[in-house]
Structure formats: structure tokens, C-alpha cells
Amino acid sequence: MRLIAMAAAGVLLAAGFAVGGPVHAADQELIVNGGFEDGLQGWFANNGNATDSTTLTLTDDAAVGSQAVRVTDRKTTGSGPMQDLSGKLKAGETYTVKAQVKYDDPASPATKQFFATMHYGGGDYTNLGSVTPARGEWGTINATFTIPADQNVSSARIFLETPWTQNPQSAPEVHLMDFTVDGFSLVGSPPPAAPSKTIEVVGKLPGEHNPLIGHKFGADGYGFVHDGRVYMYMTNDTQGYAPNPATGISPQINYGAINQITLISTTDMVNWVDHGEIPVAGPNGVAPYTGNSWAPGMASNVVDGEEKFFLYYANGGGSSNVINGESPLGPWSTERTSPLITSATPGSAGVNWLFDPAPLVDDDGRSYLYFGGGPASTAFPAAERYNNPKNLRVIELGDDMVSTQGTAAVVDAPVAFEAAQVFKRGDKYYLSYSSHFGGNDFGGNQTPQQGYPGGGQIGYMISDDPMSWPKETYAGVMFPNQSEFFGAGTGGNNHQSVFEYEGKFYFTYHAPTLNKRINGDSTQGYRSPHIQELTFQEDGTVNQVVGTYAGVEQLRDFDPYRTFEAETLGWSKGITTAKIGEGSTEFGQTAPNLVVSDIDAGDWTALSSVAFGDEGAGSVTAKVKALQTGAEIKVRAGSQTGQVLGTIVVDSPVGEWAEVTTELEGAVGTNDLFFSYEGPQGDLFEIDSWAFDRAAATPSLDVTATTSLRCVAGKGLVTVQVANVDGEEVAVQLVSAYGTKAFSAVASGASASHAFTTRLASVPAGEVTMTATATVDGQPVTTEMSVPYGAHSCR
């Protein structure tokens, strides 16, 4: 594919691409630091293929200015300086590329061709222009090219290379010489306005608990429990989502552009906090020596006496890696300079896809990593390739959790495709995985062994040993394909995890249900996280999971009496979230802080099952940044059109963060709580946090009363004894069926009594009403109580 792309580009250039074409006033420079005067800012070594590798250093041997970049230790012809232009280019537009290049190795040919090449993702490469300088002399690439109108430019990275050859190592002085680059430039149309990623439909319906979030996507969810909270790490499917403004339909998902991990968390399984994206891979990532971050796995362990956190991820299909966190939310760093799992990992031979890393930390502290997938070895007979492809592995991790030890063992999972993950229940280990769909990669048209998984299902195995998974440990299907539950447009492979939280086991999976609610049955591959409870038979086998929109039950009511993040969402419509610089009020200054943004009139957010209690909430405060005047927030009970409990007028200064407050009325009991946003056209405001205060307790007086009955001359008397243990002097009034008695002043600590004469020989049961009044802090306070008494006879 690479050779064809270059050959085609060569024809286009020869057919009349203009050199040094006109530059329009609206055009602009799209390369950052093309003269390398700011060091290597914006540049990295091409990592489009796992075999690409080179070293970039600065040199004063510059064509212009004071610095250039020197490219050494090249492993492939494509190994050269690269810059990411994703989001900067427009299909159908014309650009001019320039670069100066020189090589000087005496052993190299007298002349050598160099290409400026664009990598659009996957195997999609296009040569943009070339030059063939003489050895020791600067040559200049200067070419104008037009990006085809149908070219997907969601991923675009430009680099310099020498002509492709299949085996460059056979003559490195010819194909892999060192070279120097300066004056790299790409001029053309300004970057397009980023398409809105805001999801305007209600993707998670009120009352339903799947998908977990409705304002963004997330796939390959991995559940991790720490300190009473569930964290969900996911492939950031939203990264490439770019719906057409006219049709609302996005291009198909481009996995090659995903280099971030999305993170959400909860304590009740329904209201989820959006913690944003972790910049894992790529030139600006925590681990820039990797290009992608898919299918995360999370673990913690004690290393050198300290608890540390480890986020594993797939670097495309060619390797897997790990970064370190100071907490489940970061901050993140890397101890490695190269991927953790590669083809050099002992025992990895025969695994085509060295991805989907899933850690297991056992009770004894020993840790393991499960990985692998993809086409079966062609050395196997066709039936074995289908039924027992042996494409999954497990290897023990080092004590540092960022290295491996020993040799990876084969996981002989039937009909395995990818997504191996292990959890422990009692003394048994459960390994679940996603099954393949057959085809030439798995032996062609084969008959599956009876009981083995069908295509795109989640199978599982049970073992006594985390390193031993013969095919005999296969136990059945844990989860059928998600399309069985969510219908057309939701099929495809899946990726799952199982975790235990508060005595229950939960099963995570993904399905393009949000994508379906946006576009109907024709989905584009954008997946959403789901959870169902996982239960077991008495013999330890699992009850097959049924996918539902209802999801799992809420474990506890939501506590509003604290400052909590506005991006805590049970349901939402029309909003998105954005990261801001300052730390989180709820999770600490080192944790990422997001705000709810892109709020227009008619949008809303909601929380499930908010417990205000019997006395209720008296007020709510929002930390907001007004973007225009005339906006307000209505706080509603039950639904987005429910009873208005209060209205926050967002009258704070435009463009500044401020707190705005309103009093509430009727915010009692336990209800779903909706915030509906109203105002003029356009973005209204951003919201950082909410805080509810309890209603002020109604003041009362500490005055008590008791009753007793006795007989005098054959007639009943009802005696009332009043005791004032309050700190204030009180006035007391007693009302009975037999009269009224008032005490104008009963001192603090004093008591008073009165006997009501009934003139009855038989007194029926009744009550006396006592009303005590006093002035407290200048305000009148009244306490009333009914004091019952029983029937009494004097005969």
C-alpha cells in the first residue's frame, strides 16, 4: 500500500503540480517552529509504523537561522521528523509545502531523493513534493498540491523521508543515511473551524441508566474500584467525532487518531462525574513514544512501600504500554521510554495484535498482564485456527508494575479474538474475552465446536491458576453480542471488564447506543459505556448477562449538601464539558477540573435520586461564568418541565467566574433534580460547581407538659404540669375541653401547673393543647404541643 501511494503521488507531481504557486492573503503558515529556532517544539520522530524509529537532535548547521534538526539512527526509510496537522487541513484545498534538506555521508550516493509525505492514518500515505540534492548540498522541496475532496483529513501528519524500499537494512548507506532538515513550511487555507462535538439529543433517557453518559462517547470501559469510588477508563471515541453541521452525521470513527483515555467515576452507579481525557500518547502525550491509546486497563499496587497507580493501554495493534499515576485521577507520568509489550516480549510469538492489556493484582501482591488478539497463526490447521487460535497471552509483571518477568503463557481461549480480562472471585480466576467472527484470518469457513462462542460474543473461562488457561477451562458465554439487545446498528465486536463493588459484581461493555440515538440504525462506530450486574450460579458459573437500557440500580441517594462538580451527570441534553486550568474543588487541586459548557436555552442537566431530607434544602449556589446577560437557571423537581423549586438569575459580570445563589422552596424528600437553562440565543454561561445548603431549622422552645387525672368529691380533675427548661422566659397558654388557662411568665427553669375541673364522674380520653411563646434574638418564637390523657372514672 505504501509503495502504491508514493507511485501515485509521483505521477500527480509529474503531471503538472505547480511549484511555488500563488499564496493568497487568507493563507497562513500551518507548521509550528518550522525553522527549529524553538528547539524541537512541535516535532517528533515518525511513529506511523511500529518499526519506524529515529533520533532528532538540534544542530547549528542550518540553511537559515541558527538551528536545524539532525536526523540519525534511522530504522526505516520513513524515519524522519514529523508534525501533527490533524484539525488544520481541509479536503479539496490547495497548499504549498517547502523544506530544505541535506545529507553528507561520504558512503552515501552522489544524489538522493527526499519526499515530504502526508500520513492520513492507517496505510494512507501521500507524497506531496520531492527534491534530489547532491551530497553535501542543501536541496529545497517546493511544491503545491491539492488534497482530494474525498480525503479523510481528521488525522494528518507530515514528515520527511527517503524513497520506500522493502529491505533498507540491506544497504543502510543508500537508504538510511543521516540527514538535516530546515525551513519546513506548509502554507494554505487557515484551519477549519472545529465541528461541534456537542451531542444535542437526549442520549441517556431520564429513568434509564445505560448508556452511562449521554454527552460523549467511550469504549472498552475498564472498571476500577478505589477508596469507595468506581472509576471507568475508556478509549476516547469522542476524539474523532465530527458531525456535519448540516446532516448531523460524523464520518466513520478513525481509531488511528485516538491517543487519549476518557475517565468518569461514580459512587452510586448512576450519577457519573466526567473527569475529562488523559493525554496518553502522541507528541503532546504523557508517553510521546507511543502513538495511540486504546482499550485501557487499570491497577494499583504497593511499590517500594507506597501505593501507586498504573494505566495500561494499547499502542495501536503493535504494542502495549503503561503510564504511572499518583492517584486514579493522576497526575500522570511515565517511567518507560519504550512500550512495555512488543514482539520482543518473551512468549509473544504468534500474537498478531499485541494490544488490549488488562492487569490483575492478586491477593498476594503478585501481578499479571493479559494481552493479545488478532488473526490466528497460519501454521495451525484451519479448524484449529477457528476454534483454538491461541492468540491471547498472560505474563507476570515485575514488582515495579512497569516491566515484565518470565515468559508469556498461552491462553487457549476458544474462538478468541481480543479483550482478555481476569477478575478473581473467592479462590477462582475468571477470564473473559471477545470472540472472533471467522473469515480468512481464522481458517475460512469452519464449523465451530459445539458450545463455543459465536461471533462477537463474550466467552469466559474459570481456572485455579492465573497463569494457566487450557481450553478445558472454558465455561461458556458470559454475554451475547450487544446487537441482540439494542438492535440494528449496534453490532460488531465488544470489549468488557468485570469488577466488584460493595459486594456485587458488575460487567462493563460498550454499544453504539448513543450513536444510534443521534443517527438512527446507520451508526458510524462511536461506542458508549454500559454496565450490568453479574450474578453467579451455585457452582460458580455465571448467569449470562442481558443488556438493557435500564442498567443497574442506584446504590444510594445522591447527597447534595456539599460542593460538587457540575459535570456530575445523571442525564443531560445539549451540553458538553471542557477542562479548565484550576484544580477541582471536590477532588483536589492536582485533579483535573471540568466545567459544563456549550449551554444554550433549552439545554438541561439532571441528577438521579437527590436526597434533600425532611427539612429540605433552603438554597443552592452555582459557580458560573456568564457569557452574556439575561440568562437564568431553573431548579426543577422530577423532570425538565417539573415543579420549579427556585430560579438562579445569572447576573454576574460577563466573562468572570462568580457565585450566584437562590433560595429554594419545596426542595424536600428524595427526587430526581433537573437544572434547566434559559436565556437569549447563543452560549449562556459555563458552570463549575453546585452547592446546596440545608433549610434553616424552625426555632422552637424547650418547654414540656404532662397530664394526670385524679378525683375530688367524686368528680374528675385534669392536671397539667408545664416545665420550662428553655433559656428564655415563656408565656404559656393551656386549652382543654374544660377551659383555658394562661401563664403570662414562666421563668427559665421554673414550672407551672393547673387543674381543670371536669364536673364529671367519668372523664373520657382527651388532650390539652399547650402553646408556649417567647422572644428570641428579637424574633417571636412559638412552640405548640398536644398533651393527651386517658379516660378516668371516679365511681
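Residues are termed buried under 20% relative accessible area, exposed over 50% and partly exposed in between, with a 1.4 Å probe and protein chains only. The structure is a predicted model, in which local features need pLDDT of at least 70 and side-chain atom pairs count only at pLDDT 80 or more, whereas totals for chains, interfaces and linings use all residues. Residues are numbered from 1 along each chain as its sequence is written, and side-chain values use heavy atoms, with hydrogens and water left out.

A search of the whole structure for disulfides, taken as pairs of cysteine sulfur atoms within 2.5 Å, finds 1. This disulfide is formed by Cys-711 and Cys-794, whose sulfur atoms are 2.0 Å apart. It links distant parts of the chain, 83 residues apart, with Cys-711 in strand S43 (residues 703-712) and Cys-794 in the segment after strand S51 (792-793); strands (E, at least two residues) and helices (H or I, at least four) are DSSP runs numbered from the N terminus. The torsion about the S-S bond is about -90 degrees, so the disulfide is left-handed. Cys-711 is partly exposed, at a relative accessible area of 36%, while Cys-794 counts as buried at 17%.

The second largest pocket holds about 540 Å³ of space. A pocket is here an open set of points, on a 1 Å grid over the protein atoms alone, where a 1.4 Å probe fits and protein lies on both sides within 12 Å along at least five of seven lines; lining residues have an atom within 4 Å of a point. Of the 21 lining residues, Phe-224, Val-225, Leu-360, Val-361 and Phe-499 are the closest to the centre of the pocket. Two or more lining residues come from each of strands S12 (219-226), S16 (294-303), S20 (358-361), S24 (416-425) and S28 (497-501).

Backbone geometry was examined next. Most residues other than glycine have a negative phi, and most peptide bonds are trans. A cis peptide bond, with omega about -10 degrees, joins Asn-210 and Pro-211, the latter lying in the loop between strand S11 (179-188) and S12. The bond from Gly-330 to Pro-331 is also cis, with omega near 0 degrees, and Pro-331 is placed in the loop between strand S18 (319-325) and strand S19 (332-333). Met-269, in the loop between strand S14 (260-266) and strand S15 (272-279), has a positive phi near 75 degrees and is buried, with a relative accessible area of 0%. Glu-502 likewise has a positive phi, of about 50 degrees, but is partly exposed at 48% relative accessibility.

Key
Grid points are joined across faces, edges and corners, and a volume is the space filled by probe spheres set on the points.
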